[in-house]
Amino acid sequence: MKDDFVFGVDLDGVCADFYGRMREVMAEWRGVDISTLTEEVSYELPEWGLLPNEYTRLHRFAVTQRSLFLSSNPIAGAAQSIRRLGTEGVRIRIITHRLFIRYFHKAAVAQTVDWLDQHGIPYWDLCFMRDKALVEADIYIEDTPSNIETLQARGKAVIAFTNSTNKHMDPAPIRRVDDWNQAEETVRHQYYTWLRERGRPLPPAPGHQPPDAEEPPDFASPRAG
Ligand SMILES: [Mg+2]
């Protein structure tokens, strides 16, 4: 049985256009023209003039009444890049902090699973975690500044996926990408280095299975226990 190279993937702001969909819901919630809500937001959306504790109520409305996690658009290229990497033998581990409001977990988890299937995003592990560094991965992709900083501080390889919430980070993240083409290349470079270090063959081309693959890409490698 071979080891896996694990890619830890954040969803909101990286794979799912969380802020774009939330902006539509906020316009409805407040009854304002969407053009009055800036797209240049930071984490927790202070630019939209939310009242104290209003974010939690808005978020609950968005998930339970507007299916936020099912109705968000994918970010361009995310599904295709993750599919190619998954086929090449990278183990996709989704790591998301979506369960931060009590008593809406069934809706949040169900919408997440449906969305991942609907957009053809392959994965073997689905982790709902606040402290993402507690979940092992060989490389992570993240957009929230505090998560990027924590992962880096713990010596993890993390790719910062640029959006308005993190582009002003100071000091700048060690690794930063602006789109999924760059993200895919960064992960592939790390993965191929990891394969070479183990004397294992590389996939013949992007999106192809490596020659020593034990199973077709739709089957997980069997594990004991
Ligand atoms: Mg995120």
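Modeller: Start at D10, in the loop between β1 (6-9) and α1 (18-30). Helices (H or I, at least four residues) and strands (E, at least two) are DSSP runs, numbered from the N terminus. Two notes on the basis. This is a predicted model, in which local features need pLDDT of at least 70 and side-chain atom pairs count only at pLDDT 80 or more, while totals for chains, interfaces and linings use all residues. Residues are numbered from 1 along each chain as its sequence is written, and side-chain values use heavy atoms, with hydrogens and water left out.

D12 sits in the loop between β1 and α1. UniProt, in an unreviewed entry, lists D10 and D12 under "active site". UniProt positions follow the numbering used here, feature names are shortened, and annotations may be inferred rather than shown by experiment. Both D10 and D12 are in the lining of the second largest pocket. On a 1 Å grid over the protein atoms alone, a pocket is an open set of points where a 1.4 Å probe fits, with protein on both sides within 12 Å along at least five of seven lines; lining residues have an atom within 4 Å of a point.

Now the metal. A magnesium ion is coordinated by D10 (OD), D12 (O) and D143 (OD), at 2.1 Å. Donors are N, O and S atoms within 2.8 Å of the metal (3.2 Å for Na, K and Ca); water is not among the atoms, so sites may look incomplete. The spacing of the donor residues in sequence is D-x1-D-x130-D.

D10 and D12 are both buried. Buried means under 20% relative accessible area, exposed over 50%, and partly exposed in between (1.4 Å probe, protein chains only). D10 counts as buried because its relative accessible area is 5%. For D12 the value is 14%, so D12 is buried.

Next, the neighbours. Contact means heavy atoms within 4.5 Å. Leaving aside residues within four places in sequence, D10 contacts C15, I95, K132, I141, E142 and D143. With residues up to four places away left out, D12 touches F18, F69, T96, R98 and D143.

K132 belongs to the loop between β3 (125-128) and β4. K132 is buried, because its relative accessible area is 5%. The side chains of D10 and K132 are joined by a polar contact of 2.8 Å. A polar contact is a pair of N or O atoms within 3.5 Å; within protein, one must be able to donate a hydrogen and the other to accept it, and residues adjacent in sequence count only if both atoms are side-chain atoms. A polar atom of the K132 side chain also lies 3.2 Å from the backbone oxygen of I95. Beyond four places in sequence, the contacts of K132 are D10, I95, T96, H97, Y140, E142, N147 and L151.

Follow K132 to N147. N147 is part of helix α6 (residues 145-153). N147 is buried because its relative accessible area is 18%. Leaving aside neighbours within four places in sequence, N147 contacts R130, K132 and E142. R130 is in the loop between β3 and β4. At 66% relative accessibility, R130 is exposed. Not counting residues up to four places away in sequence, R130 touches H97 and N147.

Last, the nonpolar side. A nonpolar core is a set of buried Ala, Val, Leu, Ile, Met, Phe, Trp, Tyr and Cys residues joined through side-chain atoms within 4.5 Å. In the largest one, of 31 residues, F7, V9, C15, I141 and W180 touch the most other members. Its contributors of two or more residues are β1, α4 (78-87), β2 (91-96), α5 (105-118), β4 (139-142), β5 (158-161) and α7 (180-197). The biggest share, 7 residues, comes from α7. Apart from this core lies another, of 21 residues, with Y19, W48, L58 and F104 among them.
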